[in-house]
Amino acid sequence: AGTAAPAARDGAALDAAPGDGLAAGSAFPGRVRDFVTARDGQFYVGGSRWRFGGTNTYYLHQQSHYMIDSALNDAAAMSLTVVRAWAFADGSGNSYTPLQPQPYVYDNAAFDSLDYAIYKAGQLGIRLVLALVNNWPDYGGMAQYVKWFLGLPDDSYGAGTNHDLFYSTKSIQDCYRAYVKYVLTRYNRYTGLRYNEDPAIMTFELANEPRSRSDKTGQRLLTWVTQASAYVKELAPRQLVTTGDEGFYGDPANSDYPYSNYEGDRWKDFLALPAIDYGTVHLYPQGWGENPSSKPGTDPVSWGTKWITDHLSDGAALRKPVVLEEYGLSINAAQGVADEAARDAGYQAWTSTVLGNGGAGDQFWLLTSRVDDGSFYPDYDGYRIIWDSDPGNATNAAAQLLSAHAKAMAAAT
């Protein structure tokens, strides 16, 4: 609506075109061929019910083909069938390679990593969930849009007054939508398909963990999710669309942070929208204060199990699939997880809850693999999982149980 945005232009070369020698055609042996669909609270592929165990490897959009191969080969070896990654990198002059260095400018060459990751995933039978902007300032995110158009500093970790203008400022939303359109209609030099034609892309996600802390009613964020989801669905009608939120309930009568209205999210209202195909749930009870250090007597694993069952129950009532899209436990004795064995027991409890209560899928945070020098990607946040095919390797117990869970989810269809 409103006046037209400036015409998009590439920061480097024009998109590759069919016949340029980079793509061998739109069909490759072994590629994912069927789109995932959602109906009656379940996912389907080729007419059959489909459930999955998956992961997050956010960095695929920035890395060499070697690193992409390493991560996705490990995911395939673990029988993980869905990987979530970023499809954004906004703003220049930072430590990352921007996909959108300036408003309405898209660097075709910088998209090579994402193009290749989509191709590689499809070859391995893996489907991708691609998030289109970040709530947080990592890789630019909403803060970059607010800086571009309003010149305001980031306060996403504070009151959110500036940050939340992302959702309601027309010039910002025009730019976000232009970027979304570019990504969804982008021609992939490796597959011969546009992104919105490729069944290897399971889902386009509006944002990673959108919050609107300055509006406790949740109306601002709900309006944005309503409008943005309809726009994405119009551009990519064969793929799934989801919000990418954490599952906060937005209940003004509940003082428990994740159930309260503190972050301005209304999970059940998002899920009820016609263009939202499934619900996303994140789970970090220690970071949310659901631990014995912050609340004596609180077990983060037990609290997390209830968080999962609550969302699965609400999703069933709305007849929409629910995915535990991110989850993690930190090894911290004061916060209820004494060692790797306790963490792994927590992961076993949570994944078993998803499996046993009709969850459509789950994706642990975070599978990482080898970097260009052959070493492993650094454990920046304490949640890293690495794959070692030797089941006798004690340090690999978490990867082994998550692999077994993925197989069980696939078999439970």
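In what order do the eight strands of the open sheet lie? The legends below begin with that sheet.

**View 1. The open parallel sheet.** Eight strands lie in the order β10-β9-β8-β6-β5-β13-β12-β11, with parallel pairing. The model is predicted: local features need pLDDT of at least 70, side-chain atom pairs count only at pLDDT 80 or more, and totals for chains, interfaces and linings use all residues. Residues are numbered from 1 along each chain as its sequence is written, and side-chain values use heavy atoms, without hydrogens or water. The edges are β10 (240–242) and β11 (279–283), each pairing on one side only. Neighbouring strands are turned by 25 degrees against each other on average, direction ignored. Strands (E, at least two residues) and helices (H or I, at least four) are DSSP runs numbered from the N terminus; two strands pair if DSSP finds at least two bridges between them.

View 2. Five bridges join β11 to β12 (residues 322–327), and the two run parallel. V281 stands opposite L324 in β12. Helix α8 (residues 300–318) lies across β11 and β12, at about 175 degrees to β11. Axes are lines fitted to C-alpha atoms, for helices over the stretch in contact; angles run from 0 to 180 degrees between N-to-C directions.

**View 3. Helix α2 on the sheet.** Residues 112–124 form α2, which touches β6 (82–86), β8 (127–131) and β9 (201–205). The direction of α2 makes about 150 degrees with that of β8. Contact means heavy atoms within 4.5 Å.

**View 4. Q62 in its loop.** Q62 lies between β5 (52–56) and α1 (65–77). Its relative accessibility is 17%, so Q62 counts as buried (under 20% relative accessible area; exposed is over 50%, partly exposed in between; 1.4 Å probe, protein chains only). Not counting residues up to four places away in sequence, Q62 touches A89, Y96, T97, S113 and Y139.

**View 5. D74 in helix α1.** D74 sits in α1. D74 counts as buried because its relative accessibility is 14%. Beyond four places in sequence, D74 touches L367, S369 and W387.

**View 6. The largest pocket.** Its volume is about 900 Å³. Of its 28 lining residues, Y58, W136, D138, W365 and D381 are the closest to the centre. A pocket is an open set of points on a 1 Å grid over the protein atoms alone, where a 1.4 Å probe fits, with protein on both sides within 12 Å along at least five of seven lines; lining residues have an atom within 4 Å of a point.

Methods:
Grid points are joined across faces, edges and corners, and a volume is the space filled by probe spheres set on the points.
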